[in-house]
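Here is a short tour for anyone who likes to read a fold through its side chains. Keep the viewer open as you go, and follow the stops in order.

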Amino acid sequence: MTMPSAQYAGSAASVRNSGSESVVRLALKADVILTGANGIGYLALATVLDSVLGVSTSAQLPIGAFLTVYALGVLFVTTRRTISKPAVVAIIVLNLLWTVVSVVVAVTGVFSPTGIGTFWTVAQGLVVGAIAVFQYVGLKRM
């Protein structure tokens with residue numbers, strides 16, 4: 001029986017590491033796509049969405065800017081050769097915070113949303129929460 005060379009042993013370790021990061025990397029990519037699309041949507045369609053969602057353009061623009069910058073930050077973490085566990089923890093915490101704030105905003109009616117706006121706020125908050133759970137599962141597999 002022959003022993004694998006050091007070259008192959010290193011390759012196996014790389015495959016194992018990349019495989020263990022695949023779930024978290026996929027969850028982070030989903031976050032980038034959905035958060036980025038949401039942010040860009042708020043920025044590009046604020047004047048249209050203000051009447052549909054009942055949220056003023058002056059509120060949508062900073063939210064859209066924040067979401068776009070946030071998505072770029074998550075993209076940065078996602079594209080590193082090795083994903084930083086502390087960065088993923090921070091992303092999960094921020095996503096969970098976003099989920100809680102979304103529900104609070106919907107319940108309190110802070111932005112005076114329409115029915116569609118309230119539904120949208122809760123729905124996108126729940127989607128972000130689901131992504132956070134997906135990211136947590138991936139983090140545990142790293």
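## Aromatic pairs and their surroundings

The structure, which is a predicted model, holds two aromatic pairs. In one of them, Phe 66 and Tyr 70 are stacked, with 5.9 Å centre to centre and 25 degrees between the planes. These two residues are separated by about one helical turn, because they sit four residues apart in helix α2 (residues 57–78). Phe 66 is partly exposed at a relative accessible area of 43%, while Tyr 70 counts as buried at 13% relative accessibility.

The rings of Phe 66 and Trp 98 also form a stacked pair, since their centres are 6.2 Å apart and their planes meet at 15 degrees. Phe 66 belongs to helix α2 and Trp 98 to helix α3, so this pair ties together parts that are 32 residues apart in sequence. Trp 98 counts as partly exposed, with 22% relative accessibility. Phe 66, Tyr 70 and Trp 98 together make one aromatic cluster.

Here are the two pairs in table form.

| Aromatic pair | Centre to centre | Angle between planes |
|---|---|---|
| Phe 66 and Tyr 70 | 5.9 Å | 25 degrees |
| Phe 66 and Trp 98 | 6.2 Å | 15 degrees |

## From Trp 98 to Ser 102

Stay with Trp 98 for a moment and look at its backbone. Its oxygen lies 2.8 Å from a polar atom of the side chain of Ser 102. Ser 102 lies in helix α3 (residues 85–108). Is Ser 102 buried or exposed? With a relative accessible area of 4%, Ser 102 is buried, because buried means under 20%.

The side chain of Ser 102 also has a polar contact of 3.0 Å with the side chain of Gln 124. Leaving aside neighbours within four places in sequence, Ser 102 is in contact with Thr 121, Gln 124 and Gly 125.

## The end of helix α1

Thr 121 leads on to another part of the chain. The C-alpha atoms of Leu 53 and Thr 121 are separated by 8.9 Å, although the two residues are 68 residues apart along the chain. Leu 53 lies in helix α1 and is buried, with a relative accessible area of 7%. Which residues does Leu 53 contact, once neighbours within four places in sequence are left aside? They are Tyr 42, Pro 113, Thr 114, Ile 116, Gly 117 and Trp 120.

Val 52, which is also in helix α1, counts as partly exposed, at 36% relative accessibility. Val 52 is part of a nonpolar patch on the surface, which it forms with Leu 45, Val 48 and Ile 116. Together these residues have about 340 Å² of accessible area. Helix α1 (residues 6–53) gives the most to this patch, with three residues.

## The whole protein

The protein has four helices and zero strands, and its elements run α-α-α-α from the N terminus on. Of its 142 residues, 35% count as buried. Among contacts with a separation of 6 or more, 77% come from residues 24 or more positions apart.

Key. Residues numbered from 1 in each chain as written. Predicted model: local features only at pLDDT ≥ 70, side-chain atom pairs only at ≥ 80, totals over all residues. Heavy atoms only, no water. Patch = residues over 30% accessible without salt bridge, like charges linked within 9 Å, V, L, I, M, F, W, Y side chains within 5 Å. Areas by Shrake-Rupley, 256 points an atom, 1.4 Å probe, with all protein chains shown as cover. Salt bridge = Lys/Arg side-chain N within 4 Å of Asp/Glu carboxyl O. Buried < 20%, exposed > 50% of the residue type's maximum accessible area, 1.4 Å probe, protein only. Contact = heavy atoms within 4.5 Å. Polar contact = N/O pair within 3.5 Å; in protein donor to acceptor, adjacent residues only side chain to side chain. Phe/Tyr/Trp six-rings, centres within 6.5 Å; stacked < 30°, edge-to-face > 60°.
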